[in-house]
Amino acid sequence: MPVESRAMRIIRGVGALALAALLTCASGFGAPARAQASSAPGRPVALLLFERLSWAEAAGAAAAAEQGGATVSAGLVSTLPADASLAARVASVLAGREVTRAGPVTDSTVVGGVPVQLVRDTEATHNQDELFVLNTLVEVLAKPRSGPLLVAGLVAPPGHARVAPFLELGSGGPAGVATSDSTRQRGLVAFQDLRATLTGTATDTDGAPIRVLADPHALQTISHLDHQAATLVATRTLAIPIFATLGTVAVAAALAALLLAWRWPLTHRGAPRQPGAQASMVPAAGPSPPNPPLPGWPGRARTLARVLLLLTFAVPAGYLLSSIVAPSSAAAWLTLGLATAAAFALAAAAAATAGRAPPGPGRAWDRAPALLGALLAALVVVDLLAGGHALGRPLLGNSIFDGERFYGLGNGYFANAFAGLLLLVAFAPVPALPSAGLFAAFAVIDGLPMLGADVGGALTAMVTAALALLLLSGRRPSARAVVAWVGLAVAAAVAVALGAALLDRQATHGSRFAHDLLHNPGAATRALGSQLHGNLPLLAGNFWAWWGPLLVLSAGLASRWPTPLLARVPQWVRQVALVGALGSAVLIVLNDTGVTAAAAPGLFLIGALGWSGLESAKPGESPTVSGRAARYALWLWHTLSAP
């Protein structure tokens with residue numbers, strides 16, 4: 001009877017987990033908005049910009065307009081960050097691109113021959129809000145006109161991320177929901193699209209003209225979308241701290257378990273030793289297993305650390321599955337995500353130890369992180385292929401309601417999928433050449449405009465593929481080989497992301513960057529500076545933004561110069577951790593929110609080192625260390641812990 005290889009067992013286990021997860025959420029998949037029939041509205045007669053406009057106010061006014069015989073199309077429009085000034089918001093709408101600094105603005109202007117009127121918040125605060133909005137719209141609709149009236153909010157209501165209401169009144173066509181090629185989402189447009197709609201062209205803007213998808217229940221559809229944005233914000237506010245806290249506690253538990261396994265006296269294990277007797281790790285009869293179980297408190301601590309680490313590795317996959325379902329309440333959404341993560345962790349543990357009689361070899365547990373890592377990467381790729389619905393409303397990272405990315409793979413779940421691949425490579429284990437192929441394939445999927453549409457992520461994954469080929473082959477690479485392979489990886493990623501963007505008819509940030517790069521090669525330097533400009537304010541204004549870079553730095557140092565506690569971690573796992581740390585450094589440099597996204601791979605890398613250290617720990621054995629600093633640390637520990 002042929003013996004099934006470890007790789008085949010892992011593939012079979014991942015297939016079972018992925019199939020069970022994906023079949024339950026197949027009904028959530030659908031076609032992207034740009035593939036559906038749509039109609040372009042006539043030339044607008046005016047644009048009303050409300051400084052503050054809630055969906056309840058907009059829906060009430062739209063319902064009244066419908067009763068008056070007007071055709072109503074609705075949607076949500078992206079806004080600038082909460083700290084942006086009113087002048088910057090108005091200037092950005094008028095310019096069709098983000099403007100960070102702007103002078104005083106007037107209440108009325110003209111864009112492309114279309115009047116634009118600003119309704120300040122101070123005018124509404126002295127009136128009943130819904131009545132004020134309704135009276136304003138009725139006054140404008142009563143005037144002779146030959147096209148639709150556009151209404152948009154400038155400031156997102158509290159708890160709604162960065163989206164505000166958008167209305168199109170009196171288009172003459174069927175009612176529907178708004179969309180554009182900028183967002184590719186039903187019911188969602190970008191503020192950059194407003195100028196393109198007023199002028200009828202996307203030239204010199206970062207937007208595209210707004211289109212309408214027929215929907216007889218447009219107001220109900222957008223009400224659901226607005227409620228989903230608020231629910232996502234409420235759920236994410238709890239989900240991110242829970243994940244960060246769980247991961248931190250898991251790493252601390254692994255460290256404590258390693259300390260107990262190292263320092264727990266042999267006299268505390270079973271019967272007391274006879275005076276002068278030598279401790280023996282060999283059982284009375286039969287051979288010793290490769291990694292005997294730890295008795296007493298060390299064994300309990302290792303079991304607890306294993307459970308916490310598995311839950312940490314499973315949470316991103318559980319969250320992603322819950323985002324496919326997207327329950328209508330924050331409590332249900334969060335509960336579903338955590339329950340799914342627990343189920344994934346339990347299934348991975350059962351699959352990893354199936355058919356192995358206890359105590360069994362400790363290395364059998366290593367399959368569990370590999371299964372969870374492969375499952376996470378598979379869920380991300382499958383959701384991308386199915387339209388990216390879950391990735392559009394994730395609990396980890398920015399969503400379509402945050403005004404940064406409306407389609408494709410964002411930095412948050414790119415980092416999680418990247419971390420999942422590292423777990424798979426480390427614990428399957430996957431040799432150097434197939435590992436490089438995995439990261440290269442992921443770079444292609446992430447870089448294609450119709451899938452991930454992520455230039456920075458594609459560059460990160462392709463450079464990591466080159467690093468895996470160089471550092472996991474068992475040979476020390478030369479400087480010339482490093483430069484050659486990294487350069488080839490960058491060229492391949494550029495060809496995939498930017499070359500495909502040029503061939504794609506749709507306007508994306510990748511295609512715009514490719515056109516800029518063709519006309520001015522210095523655009524690459526400006527783009528790199530822009531990414532750093534996005535990271536530096538995060539580091540300066542948020543203490544927790546340092547968490548990701550510090551985890552990545554710690555993982556890199558621990559893999560290259562292991563501490564005494566990690567000295568028994570296999571060389572292969574340490575090499576994969578080094579590859580992951582270097583790839584995460586590239587992630588930080590090439591992505592505008594890389595410092596926060598790096599928290600996921602940093603946490604997974606530290607967790608992988610801790611997990612492997614737990615599997616390698618033997619009771620009462622002091623690890624062998626080399627180097628003056630490590631020997632000094634070991635001497636200091638023995639001195640401080642001596643009775």
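Predicted model: local features only at pLDDT ≥ 70, side-chain atom pairs only at ≥ 80, totals over all residues.
Let us begin with Ala 489 and the residues around it. Leaving aside its neighbours within four places in sequence, Ala 489 is in contact with Met 462, Val 463 and Ala 466. This alanine belongs to helix H15, which covers residues 479-503. Its relative accessibility is 7%, so Ala 489 counts as buried, the limit for that term being under 20% relative accessible area.

The protein has 643 residues, and buried residues make up 50% of them. Among contacts between residues at least 6 apart in sequence, 75% join residues at least 24 apart. The accessible surface comes to about 28,200 Å², and carbon and sulfur atoms account for 65% of that area.

Which residues does Ser 322 contact, leaving aside its neighbours within four places in sequence? They are Pro 327, Trp 333, Leu 336, Gly 337 and Leu 395.

I now come to the aromatic residues. A pair of aromatic rings is described by two values, the distance of the centres and the angle of the planes. The structure holds four aromatic pairs. One of them is formed by Phe 414 and Phe 418, with 6.0 Å centre to centre and 20° between the planes, and this pair is stacked. Both residues lie in helix H12, residues 411-427, where they are four residues apart, about one turn of the helix. Phe 414 has a relative accessibility of 0% and therefore counts as buried. Phe 418 is likewise buried, with a relative accessible area of 0%.

Phe 418 also pairs with Phe 439: the ring centres are 5.8 Å apart and the planes stand at 55°, so this pair is tilted. What does the pair tie together? Phe 418 lies in helix H12 and Phe 439 in helix H13, residues 432-447, so the pair ties together parts that are 21 residues apart in sequence. Phe 439, at 1% relative accessibility, counts as buried. Taken together, Phe 414, Phe 418, Phe 439 and Phe 442 form one aromatic cluster.

Let us stay with helices H12 and H13 and look at the loop between them. Pro 429 has its place in that loop. A cis peptide bond joins Ala 428 and Pro 429, with omega at about -20°. For context, most peptide bonds are trans, and most residues other than glycine have a negative phi.

Phi of Arg 184 is near 55°, a positive value in a residue other than glycine. Where does the charged end of Arg 184 sit? It sits over the ring of Tyr 407, 3.8 Å from the ring centre. Arg 184 is buried, with a relative accessible area of 7%.

The next topic is Asp 204, placed in the loop between helix H6 (192-199) and strand S9 (211-214). Here phi is near 65°, again a positive value in a residue other than glycine. Is Asp 204 buried or exposed? At 60% relative accessibility, Asp 204 counts as exposed, because the term applies over 50%.

Trp 546, Leu 550, Leu 553, Leu 557 and Trp 561 make a nonpolar surface patch of about 540 Å². Trp 546 lies in the loop between helix H17 (523-541) and helix H18 (547-560). With a relative accessible area of 39%, Trp 546 is partly exposed.

Methods. Residues numbered from 1 in each chain as written. Heavy atoms only, no water. Patch = residues over 30% accessible without salt bridge, like charges linked within 9 Å, V, L, I, M, F, W, Y side chains within 5 Å. Areas by Shrake-Rupley, 256 points an atom, 1.4 Å probe, with all protein chains shown as cover. Salt bridge = Lys/Arg side-chain N within 4 Å of Asp/Glu carboxyl O. Helix = DSSP H or I, 4+ residues; strand = E, 2+ residues; numbered from the N terminus. Buried < 20%, exposed > 50% of the residue type's maximum accessible area, 1.4 Å probe, protein only. Contact = heavy atoms within 4.5 Å. Phe/Tyr/Trp six-rings, centres within 6.5 Å; stacked < 30°, edge-to-face > 60°. Lys NZ or Arg CZ within 6 Å of the ring centre and 35° of its normal.
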